[in-house]
Amino acid sequence: MISVQQLTKRFGVKTAVDQLSFDVRPGVVTGFLGPNGSGKSTTMRCMLGLDRADTGTTLFDGRLYRDLPTPLQDRKSTRLNSSHTDIS
């Protein structure tokens, strides 16, 4: 699950994201919609650690994105690969 809690990002006096909280549950299609300039890209950049949020946290299955061992690998294939034994 992805959990965003109280995420805030400011650029000078401009608040791009203001105390945003939401959860994305596994297996559920979730939309992330809003007009231009509403903070969608800034939120994603903060979630991934590309920008530093002023406040708040984002956890991916209980971990920060930077602490995931293989963040771009599908979780299902990770389980399959970790149980694979090479006999050669």
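With which residues is Arg52 in contact, leaving aside its neighbours within four places in sequence? In this predicted model, the contacts of Arg52 are Lys9 and Cys46. Arg52 sits in the loop that links helix 1 to strand 3. The residue is exposed, because its relative accessible area of 71% is over the 50% cut-off. Arg52 can also be placed against Thr8. The two are separated by 44 residues in sequence, yet their C-alpha atoms are 9.6 Å apart in space.

The overall layout comes next. The protein chain holds 2 helices and 3 strands. Read from the N terminus, the elements follow the order β-β-α-β-α. The chain has 88 residues, and 18% of them are buried. Contacts between residues at least 6 apart in sequence were also examined. Of these, 43% join residues at least 24 apart.

Strand 1 covers residues 2-11, and strand 2 covers residues 14-24. The two pair in the antiparallel sense through 7 bridges. Several facing positions can be named. Phe11 stands opposite Lys14 of strand 2. Arg10 stands opposite Thr15. Lys9, one of the contacts of Arg52, stands opposite Val17. Together, strand 1 and strand 2 make a hairpin, with 2 residues between them. Gly12 lies in the turn and has a positive phi of about 65 degrees.

Strand 1 also pairs with strand 3. This pairing is antiparallel and runs over 5 bridges. Within it, Val4 has Thr58 of strand 3 as its bridge partner.

Two strand residues have a positive phi without being glycine. Gln6 lies in strand 1. Its phi is about 55 degrees. Gln6 counts as partly exposed, because its relative accessibility of 41% falls between the cut-offs of 20% and 50%. Gln19 belongs to strand 2. The phi of Gln19 is near 50 degrees. Gln19 counts as exposed, since its relative accessibility of 52% is over 50%.

Helix 1 covers residues 40-47. Thr43 is part of helix 1. Is Thr43 buried or exposed? Thr43 is buried, because its relative accessible area of 2% is under the 20% cut-off. Which residues does Thr43 contact, leaving aside neighbours within four places in sequence? The contacts are Leu7, Val17, Leu20, Phe22 and Phe32.

The lining consists of 14 residues, of which Cys46, Gly49, Asp51, Leu64 and Arg66 are the closest to the pocket centre. Cys46 is also in contact with Arg52. Helix 1 and strand 3, residues 55-60, each give at least two residues to the lining. Strand 3 provides the largest share, with 3 residues. Sorted by class, the lining has 7 nonpolar, 4 polar and 3 charged residues.

The loop between helix 1 and strand 3 carries Arg52, which is in contact with Lys9 and Cys46.

Definitions and conventions: Residues numbered from 1 in each chain as written. Predicted model: local features only at pLDDT ≥ 70, side-chain atom pairs only at ≥ 80, totals over all residues. Heavy atoms only, no water. 1 Å grid on protein atoms, 1.4 Å probe; cavity = no way out; pocket = protein on both sides within 12 Å on 5 of 7 lines; lining within 4 Å. Helix = DSSP H or I, 4+ residues; strand = E, 2+ residues; numbered from the N terminus. Nonpolar A, V, L, I, M, F, W, Y, C, P; charged D, E, K, R; others polar. Pairing = 2+ DSSP bridges. Buried < 20%, exposed > 50% of the residue type's maximum accessible area, 1.4 Å probe, protein only. Contact = heavy atoms within 4.5 Å.
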